[in-house]
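Welcome! Open your viewer, keep the selection tool at hand, and follow along stop by stop.

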Amino acid sequence: MTVPVSTSLERTYRYLRIGLAGTIVVIFVGVGQAAGTVGWLTSVSDYFYTPARNAIVGALIAATLALVALSGRGAERALLDAAALFAPLIAVVPTPVAAGEIPGVVTSCIDRCFPAEYIPDAANGVGTYLVVGTLTVLIAVLLAALRQVSLMAIRFSLAIAVVVLIVVGVAWAFARSAFLEYGHFVATVAFFALFAVVAVRSAFPRRGVVPAPVYRVLYTAIAVGLALVLVAYILLLAFADPHGIPIVLIVETAALVLFFAFWVVQGIEKWDEPDPSLR
């Protein structure tokens, strides 16, 4: 049987989409193993403080690089590049935790707060994020000046990156306590909200080939699901009992499953496209 010939570009995009779906598998496997030791915690984010930390951080950083490489063109480029800005913040700024919620983690408050012993780790991560993010913007500007990329094509991505880096830098410098308390939450909501918009744009593109009806239905379902999950996530973090049933864990798991589903659906839809970048 003859194997279909594919170009390097096709294989690159295929592997990137498979890899993005695979990052969710990595997170689930890491969390599943940690749950066997520490039990089921309030949220997926809480497993940062367990042996699953390396798997979670590694998967989010890998997803960041894949999103930048896969960002394509047009509005989708700006949306995925923006998502790539928030993924590392989810990784390097862990969620606050409640007293006694996680074995071995000590906090100075009854309600959820940021463990003091992890502040140096967060400082190192945020500092690295700001330096690398700034270098990335400067390299993009240099490439545009050398006419290796179109400045018009990346202007929205650059603008978003500059705004996010400034906000993160100012918040870290002048409102560090608030940043540690709310940074993970804001980054998580922004990340999945952007993907809800990407799913809508994938279902109803303004340019290019319109997806087949089955893909439009699937993309729409993913977008609606992410919107509902985000609403539930915000409400549960405000009112859920950290020592009760881990409903937040279930909601976060649903968001990750929808993220996984998006890349599976898009990978199948665009598998044989000669130029399979997002249009």
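**First stop: a phenylalanine**

Select phenylalanine 195, which touches Leu67, Leu80, Ala83, Leu226, Phe259, Phe262 and Trp263, leaving out residues up to four places away in sequence; contact means heavy atoms within 4.5 Å. Before going on, note that this is a predicted model, where local features need pLDDT of at least 70 and side-chain atom pairs count only at pLDDT 80 or more, while totals for chains, interfaces and linings use all residues. Numbering runs from 1 along each chain as its sequence is written, and side-chain values use heavy atoms, without hydrogens and water.

**Next: the core**

Now show the largest nonpolar core, with 85 residues. Such a core is a set of buried Ala, Val, Leu, Ile, Met, Phe, Trp, Tyr and Cys residues joined through side-chain atoms within 4.5 Å, where buried means under 20% relative accessible area (1.4 Å probe, protein chains only). Tyr47, Leu67, Phe191, Phe195 and Trp263 touch the most other members. Colour α6 (176-203), the helix that gives the most to this core, with 13 residues; helices are DSSP runs of H or I, at least four residues, numbered from the N terminus.

**Along α6**

Stay on helix α6 and pick serine 202. Is serine 202 buried or exposed? Serine 202 counts as buried because its relative accessibility is 10%. Leaving aside neighbours within four places in sequence, its contacts are Pro211, Tyr219, Phe262 and Gln266.

Conventions
Buried means under 20% relative accessible area, exposed over 50%, partly exposed in between (1.4 Å probe, protein chains only). Helices (H or I, at least four residues) and strands (E, at least two) are DSSP runs, numbered from the N terminus.
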